[in-house]
Amino acid sequence: MAEKFEIETYALYLAYKDPRVPLHIKITILLVIAYLLSPIDLIPDFIPIIGYLDDFLLITVGIPILLKMVPKEIMDEHRESAKTKFSEGMPKSRFVALIIVLIWVLAAVIILNFIIKFI
């Protein structure tokens, strides 16, 4: 199940880069995938029950909706590419890792700035 999710998510990423996919779908894909990969949640995970609700809804509802938004022939093409890529090993993206690190650094700077103002 997790492997299928990884393949579908990577296929959506490939669809995002495809020039045949309309801009509004690309923006939606970018926002959903960025939120899933982001270490920062709208609802923090430590809050009982509802902390995981946003992630659960994105995975169970958001991803399937995105898969239906992308034209079927384009999605089928990118699923095959994703399956091939995962059969060779887990794809790695230094760019995504850099963005996540930058988000954490920005959050730390904002928090430190806030703390320093009140000291």
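**Notes on the model**

1. Read along the sequence, the protein follows the pattern α-α-α-α-α, and its secondary structure comes to five helices and zero strands, where helices (H or I, at least four residues) and strands (E, at least two) are DSSP runs numbered from the N terminus. This is a predicted model, in which local features need pLDDT of at least 70 and side-chain atom pairs count only at pLDDT 80 or more, while totals for chains, interfaces and linings use all residues. Residues are numbered from 1 along each chain as its sequence is written, and side-chain values use heavy atoms, with hydrogens and water left out.

2. Taken along the principal axes, the C-alpha atoms fill a box of roughly 60 × 30 × 30 Å. Of the 119 residues, 29% count as buried, a class that means under 20% relative accessible area, with exposed meaning over 50% and partly exposed in between (1.4 Å probe, protein chains only). Among contacts (heavy atoms within 4.5 Å) with a separation of 6 or more, 63% come from residues 24 or more positions apart.

3. Helix H2 (residues 23-37) has 15 residues and reaches 21 Å from its first C-alpha to its last, close to the 21 Å expected at 1.5 Å a residue, the expected span being 1.5 Å times one less than the number of residues. Its buried residues are Ile25, Lys26, Ile29, Val32, Ile33 and Tyr35, and these pack against H1 and H3.

4. Ile100, in helix H5 (residues 94-117), is partly exposed, with a relative accessible area of 23%. Not counting residues up to four places away in sequence, Ile100 touches Leu37 and Pro39; Ile100 and Ser38 are 62 residues apart in sequence and 6.3 Å apart in space, C-alpha to C-alpha.

5. Arg79 lies in helix H4 (residues 72-87), and its side chain makes a polar contact with the side chain of Glu8 (2.8 Å); such a contact is a pair of N or O atoms within 3.5 Å, one able to donate a hydrogen and the other to accept it, and residues adjacent in sequence count only if both atoms are side-chain atoms. Leaving aside neighbours within four places in sequence, Arg79 is in contact with Ile7, Glu8, Ala11 and Leu67.

6. Which residues line the second largest pocket? They are Met1, Lys4, Phe5, Glu8, Ile59, Thr60, Ile63, Pro64 and Leu67 (on a 1 Å grid over the protein atoms alone, a pocket is an open set of points where a 1.4 Å probe fits, with protein on both sides within 12 Å along at least five of seven lines, and lining residues have an atom within 4 Å of a point). H3 gives the most to this lining, with five residues.
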